[in-house]
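This note sets out several points on the structure shown below.

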Amino acid sequence: MERILSRREASEAVQDHGWRYLLGTLQASVPVGTLAQAVGLAADAVAVCGGDADRHLRIDVRPDRIVLTLQSSQCASVTTRDVELARRISAAAGTSGFLPEPGTGAGAPRSVQLLEIAIDALSIAEIRPFWKAVLGYADEAGAEGPEDPLVDPVGQGPALWFQQMDRARPQRNRMHIDISVPHDEAPRRVEAALAAGGRLVSEARAPAFWVLADREGNEACVTTWQGRDG
């Protein structure tokens with residue numbers, strides 16, 4: 001029976017197969033040399049997923065790599081089926097001489113990652129319809145409440161979520177970017193941001209997230225799945 005996995009279960013189940021858990025998805029990148037190779041690997045991934053491909057698999061095909069994402073579209077979560085498909089895809093790619101990888105470390109262009117935009121609001125229910133309309137976004141599967149996040153229905157843009165304010169805060173930015181990265185990439189990413197002139201606003205919730213800011217105080221959070229269960 002297909003079962004939704006905890007963050008830790010999902011992460012540990014695929015880590016040795018070149019995948020990482022990010023925001024309710026499994027992601028891996030496969031470097032290639034040509035667009036033809038990328039298309040071929042994408043076709044192989046679809047083939048090994050069989051009838052589950054349409055419900056679980058998304059693929060971004062580029063001339064230098066494909067980025068694979070697995071998630072159950074019915075529950076917007078990682079399930080035991082997604083783990084099984086990740087292992088199948090890794091095995092199929094390996095037989096062709098290609099290895100899925102998370103892209104962590106200084107040698108890769110960048111790791112797999114997901115972006116979210118967060119908006120602080122006094123009344124989330126009042127502003128959410130505007131952002132849904134102006135972006136052409138939709139409710140996430142299983143999250144249709146007046147304060148729930150919004151997602152791009154075609155999967156191109158970052159998710160949008162709303163953070164409850166307890167009081168007005170004039171002269172402070174009320175939008176920030178969340179960069180969700182593999183748990184073993186986060187320390188390097190934070191260090192790089194600080195070396196590039198950023199400052200650490202807070203690490204009180206690390207490793208769930210580090211709050212960073214540029215020299216003018218604009219904030220971004222580097223986030224991981226860790227530190228969020230229990």
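1. Contact here means heavy atoms within 4.5 Å. Leaving aside neighbours within four places in sequence, Leu-70 is in contact with Trp-19, Thr-25, Leu-26, His-56, Leu-57, Val-78, Asp-82, Leu-85, Ala-86 and Ile-89.

2. This is a predicted model, in which local features need pLDDT of at least 70 and side-chain atom pairs count only at pLDDT 80 or more, while totals for chains, interfaces and linings use all residues. Residues are numbered from 1 along each chain as its sequence is written, and side-chain values use heavy atoms, with hydrogens and water left out.

3. A nonpolar core is a set of buried Ala, Val, Leu, Ile, Met, Phe, Trp, Tyr and Cys residues joined through side-chain atoms within 4.5 Å; buried means under 20% relative accessible area, exposed over 50% and partly exposed in between (1.4 Å probe, protein chains only). The largest such core has 27 residues, of which Trp-19, Leu-26, Leu-68, Leu-70 and Ile-89 touch the most other members. Helix H4 gives the most to this core, with five residues.

4. Ser-111 lies in the loop between helix H4 (80-95) and strand S5 (114-121); helices (H or I, at least four residues) and strands (E, at least two) are DSSP runs, numbered from the N terminus. Ser-111 is buried, at a relative accessible area of 0%. Not counting residues up to four places away in sequence, Ser-111 touches Pro-102, Gly-103, Thr-104, Val-181, Pro-182, Glu-185 and Arg-189.

5. With a disulfide taken as a pair of cysteine sulfur atoms within 2.5 Å, the count is zero. For Cys-49, the nearest cysteine sulfur is that of Cys-75, 16 Å away. Cys-49 is buried, with a relative accessible area of 3%, and Cys-221 is buried at 8%.
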